[in-house]
Amino acid sequence: MASTTCPVCGGVGRNVDTATLKALLAVSLRQLRAMPYAFCATATCDVAYFTQDGAQTFDKAQVRVPIYQKEADDTTPICYCFGHTVADVRREGAAVVADIEAGIQADQCACNWRNPQGTCCLGNVKQLAKRRG
Ligand SMILES: [Zn+2]
């Protein structure tokens, strides 16, 4: 698969299912084009999603939820399925990881519809928990 770079920041994007955009965009879905989209995870870049040809972008203001990778705020969600914020992970660390793992086990997560990155948050959560005080 060809690597896909964000037309604004040049960062490597991660391919996302169009279902993720359909669930999370705040704009009319009539704008969606019939081609693959990728997610830009660069913290300082306003682009959330872009088409693989780079011709169309949706920025973070057009997404219905704050994007963990792009907002430094403590109240920003990090786990979009079970409602854990950055502050929760800083405070409770391992307990949050355990709750998410239990949810995954019970097949209760819906990462591709709820998380802007379109995949499970667990990697982000574990990384942040490790950095904790
Ligand atoms: Zn970007």
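Helices (H or I, at least four residues) and strands (E, at least two) are DSSP runs, numbered from the N terminus. The model shown is predicted: local features need pLDDT of at least 70, side-chain atom pairs count only at pLDDT 80 or more, and totals for chains, interfaces and linings use all residues. Residue numbers start from 1 along each chain, following the sequence as written.

**View 1. Gln52 sits in the loop between strand S3 (47–51) and strand S4 (57–59).** Gln52 counts as partly exposed because it has 16 C-beta neighbours inside 10 Å. (By this count, with C-beta atoms placed from the backbone, 20 or more other C-beta atoms within 10 Å make a residue buried, 12 or fewer make it exposed, and anything in between is partly exposed.) Beyond its neighbours within four places in sequence, Gln52 is in contact with Thr4, Met35, Pro36 and Ala38. Contact means that the C-beta atoms of two residues, placed from the backbone, lie within 7 Å. Cys111 is 59 residues from Gln52 along the chain, and 22 Å separate their C-alpha atoms.

**View 2. Four strands make an open sheet in the order S1-S2-S3-S4, with antiparallel pairing.** Two strands pair if DSSP finds at least two bridges between them. S1 and S4 are the edge strands, each pairing on one side only. From one strand to the next, the twist averages 30 degrees. (Axes are lines fitted to C-alpha atoms, for helices over the stretch in contact; angles between N-to-C directions run from 0 to 180 degrees.) S2 (residues 37–39) and S3 run antiparallel and are joined by 3 bridges. Tyr37 stands opposite Thr51 in S3.

**View 3. Asp107 lies in the loop between helix H3 (94–105) and helix H4 (111–114).** Asp107 is not a glycine, yet its phi is positive, about 60 degrees. Most residues other than glycine have a negative phi. Asp107 is exposed, because 7 other C-beta atoms lie within 10 Å.
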